[in-house]
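Subject: The structure, and some notes on it

Hi there,

Here is the structure I promised to pass on.

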Amino acid sequence: MIERPVVVVTGIEGNRGFSSVTAKLFEPVLGRPLASFALEAVGALKPEALVLVLRDEDRAPREEWEGLARSAGLQVPLFIHFEPGRPRRAGSAPYPALRAAASVLAEYPGRDIVVVPAERPLLRARTLKTFLGLHVRKGCALTFLSAEGDVGQAGVLAFRSSEVFPLVRSLPPSAADAWPGSLLRALTRGGGKAGLYECPEPGELLVVRDRADLSDAAAALRDRKNLSLSRHGVTIMDPRSAWLDWEVKAGRGTVLYPFVFVEGASRIGKDCRLYPHVHLKNTLVADRVHILSSTVVEDSVLESDTRVGPFTRLRPRTRVRAGSKVGNFVEMKNTDFGPRSKAMHLSYLGDSRVEKAVNIGAGTITCNYDGVTKSPTLVGAGAFIGSGTELVAPVKVGREAYVAAGSTITQDVGPGCLAV
């Protein structure tokens, strides 16, 4: 049986192209901070405690790191150690991490410790679990996760604290220059056993040291995300051009055409169609929705059986109700657009409530802002708004009312009335 380990997550690799290592670790990748991927993989080990070893010059509020750990499901004691100076060469970061852990983890004697660099966002949880299991079963004092035989560059290791910490304390600081040979020699001289686990997918050990590495990692994670969706019944016509954030979900039977971008906490239902160049952000899409090309939707809700686009923009707090249609070059903001209503051409609806079965004619504008205050517009069920109408808010158009084309409406229109 494998006991719960203590995990040390390091964040002290290079930061070429970033203002600091901390800025790099919080850089968004598929809608999440870069470091969250390594922390989520670590969570599969169900650690007893978590140690973050960071650069001294990259101090950030503890609350930010605590929030990052919580978002990865790590509700465990958290220790943060700031390491002075910089690694002497690439791949030497695990050595100062070991020295830091030796001083921080005095109250966790005899534990298995796993070191995971936060700059490895492609490392899978199943790889870490297999790696730790091998280390424990073989009774090794120290085990390296190897990238094609190169233990010095991997940066991921497991060790028994009672055997390795005394050696780390006895080695001089200059031992980082000879990492990991200095530690291995000290271990084997004392009769300790070292092990090696060859990573089944060496690409998992990609280190993000600069912006180019970040792009490579994002592309690899994009491929994983798209493959996962495909296996759950989503058709992605061109996986290399579709970008969906890590938290996005989509239902079976949905088809995503090339160059679709879906960000944030967006959810897409079953049997939907998202055509080329659709961009969604924090948007809920119900079942059987068609979003036509070059449509942008942000912080909004599209109910079932709606049809939106092409070239539509839905700004925050917009809700398109079931069965309605929103067409070419229509913009909405903070608008509740009623069931089976239509706004098919060249219109702007802002701060509005449109009830069911309303027709919004081409070129209709709600004049919701007078330079000081934003005011609402209400259009009752079954109303017909003629083309080129200006509705000067605050204003109400009653149920079954008819507004003639080219009208400027500055007063309320009663139910069933004709306004010219």
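Two packed helices are described by the angle between their axes and the distance between the axes. Helices (H or I, at least four residues) and strands (E, at least two) are DSSP runs, numbered from the N terminus.

Before going further, please keep in mind that this is a predicted model, in which local features need pLDDT of at least 70 and side-chain atom pairs count only at pLDDT 80 or more, while totals for chains, interfaces and linings use all residues. Residues are numbered from 1 along each chain as its sequence is written, and side-chain values use heavy atoms, with hydrogens and water left out.

Back to the helix pair. Which residues of helix 7 and helix 8 meet? Helix 7 brings Val 164, Leu 167 and Val 168, and helix 8 brings Leu 183, Ala 186 and Leu 187. Contact means heavy atoms within 4.5 Å. By class, this contact of helix 7 with helix 8 has 6 nonpolar residues, no polar and no charged ones. In this scheme Ala, Val, Leu, Ile, Met, Phe, Trp, Tyr, Cys and Pro count as nonpolar, Asp, Glu, Lys and Arg as charged, and the others, Gly among them, as polar.

The loop between helix 7 and helix 8 holds Pro 172. Pro 172 counts as partly exposed, because its relative accessibility is 41% (buried means under 20% relative accessible area, exposed over 50%, partly exposed in between, with a 1.4 Å probe and protein chains only). Leaving aside neighbours within four places in sequence, Pro 172 is in contact with Tyr 95 and Arg 99. From Pro 172 to Ser 182 there are 10 residues in sequence and 9.7 Å in space, C-alpha to C-alpha.

Next, the covered parts. In helix 2 (residues 34-43), 8 of the 10 residues are buried, among them Phe 37, Leu 39 and Val 42. Strand 4 (residues 49-55) has 7 of its 7 residues buried. Strand 4 runs parallel to strand 1 (residues 6-11), joined by 6 bridges, and Val 8 stands opposite Val 51 there. Strand 4 also pairs in the parallel sense with strand 5 (residues 78-83) over 6 bridges, where Leu 54 has Phe 82 as its bridge partner. Two strands pair if DSSP finds at least two bridges between them.

There is also an open sheet of 11 strands with parallel pairing, in the order 10-13-16-19-22-25-28-31-34-37-39. Strand 10 (235-236) and strand 39 (418-419) stand at its edges with a single partner strand each, so one side of each is left without a neighbour in the sheet. Within this sheet, you can follow a row of partners. Strand 19 (residues 290-291) and strand 22 (residues 307-308) are joined by 2 bridges, with Ile 291 opposite Val 308. Val 308 has Val 326 of strand 25 as its bridge partner, and Val 326 in turn stands opposite Ala 343 in strand 28.

Finally, some backbone details to look at. Most residues other than glycine have a negative phi, and most peptide bonds are trans. The bond from Gly 309 to Pro 310 is cis, with omega near 0°, and Pro 310 is in the loop between strand 22 and strand 23 (313-314). Ala 393 and Pro 394 are also joined by a cis peptide bond, with omega about 0°. Asp 271 is not a glycine, yet has a positive phi of about 55°, and His 277 has a positive phi of about 65°. Asp 271 is partly exposed at 41% relative accessible area, and His 277 is partly exposed at 46%.

Best wishes
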